[in-house]
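Open the model in your viewer and keep the selection panel at hand. We go from one selection to the next.

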Amino acid sequence: MRDLALVIFDCDGVLVDSEPISNRVFCAMLNELGLEVTLEDMFSHFVGLSMPQCMQRVTGMLGHAPPAGFLADLEARTEAALQAQVEPIAGVPEMLGELRVPYCVASSGSHAKMRLTLGASGLLDRFDDRIYSVADVANPKPAPDIFLHAARRMGADPACCVVVEDTPTGVRAAVAPGMRAFGFS
């Protein structure tokens, strides 16, 4: 790898401890639909996917689309839970304070969700205008689009980027264009 030019962080599960909160809400709502899923099922079947990918899986599991309003209710209930409960991952604020190379966040989450979780956890001001969402690109992870977009916007050669990810899907997306990936758990 050439000189390190950029560190790209995934958001959920890397910067903020939002995944347990979001998955508890999602799991409860899937159970309300009659799908018997556990929190463990949520982590194995949904973590690392974009919301459209999750809704495709839910549709397949149900055998039909979820009821009208399901997604809006999921977003509202998740937002309320995150606002009240989300915290930064232990050590992240200190690590960001010590980092001496440019960094950004690139996630399968929406801009609104990242702003909510980063804001509620006290990390939003660390990222300013360096927040990139899957909504900005054509293809979600495991396609490398989001990481290539972040590198391009930050003016970094992909070969000089490091991605910190917590899912196999995200790691595949990072290594596909030749970035170095660090799996975080």
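Select Cys-54. This residue is buried, at a relative accessible area of 4%; buried means under 20%, exposed over 50% and partly exposed in between, with a 1.4 Å probe and protein chains only. The model is predicted: local features need pLDDT of at least 70, side-chain atom pairs count only at pLDDT 80 or more, and totals for chains, interfaces and linings use all residues. Residues are numbered from 1 along each chain as its sequence is written, and side-chain values use heavy atoms, leaving out hydrogens and water.

Stay with the cysteines. A disulfide is a pair of cysteine sulfur atoms within 2.5 Å. By this rule the count is zero. For Cys-54, the nearest cysteine sulfur belongs to Cys-27, 13 Å away.

Next, show helix α1, residues 19-32, and pick Asn-23 within it. Helices are DSSP runs of H or I, at least four residues; strands are runs of E, at least two; both are numbered from the N terminus. Is Asn-23 buried or exposed? Its relative accessibility is 6%, so Asn-23 counts as buried. Which residues does Asn-23 touch, leaving aside those up to four places away in sequence? They are Leu-39, Met-42, Phe-43 and Val-47. Contact here means heavy atoms within 4.5 Å.

Move on to helix α6, residues 111-120. Colour Met-114, Leu-116, Thr-117 and Leu-118, which are buried. Just after α6, select Gly-122 and check its backbone: phi is positive, about 85 degrees.

Finally, zoom out to the protein chain. How many helices and strands does the chain have? There are eight helices and five strands. From the N terminus, their order is β-α-α-α-α-α-β-α-β-α-β-α-β. The radius of gyration is 16 Å, close to the 16 Å of the globule rule for 185 residues, so the chain is as compact as a globular protein of that length. That radius is taken over C-alpha atoms, and the rule is 2.2 Å times the number of residues to the power 0.38. Draw a box along the principal axes: the C-alpha atoms fill roughly 50 × 30 × 25 Å. Of the 185 residues, 47% count as buried.
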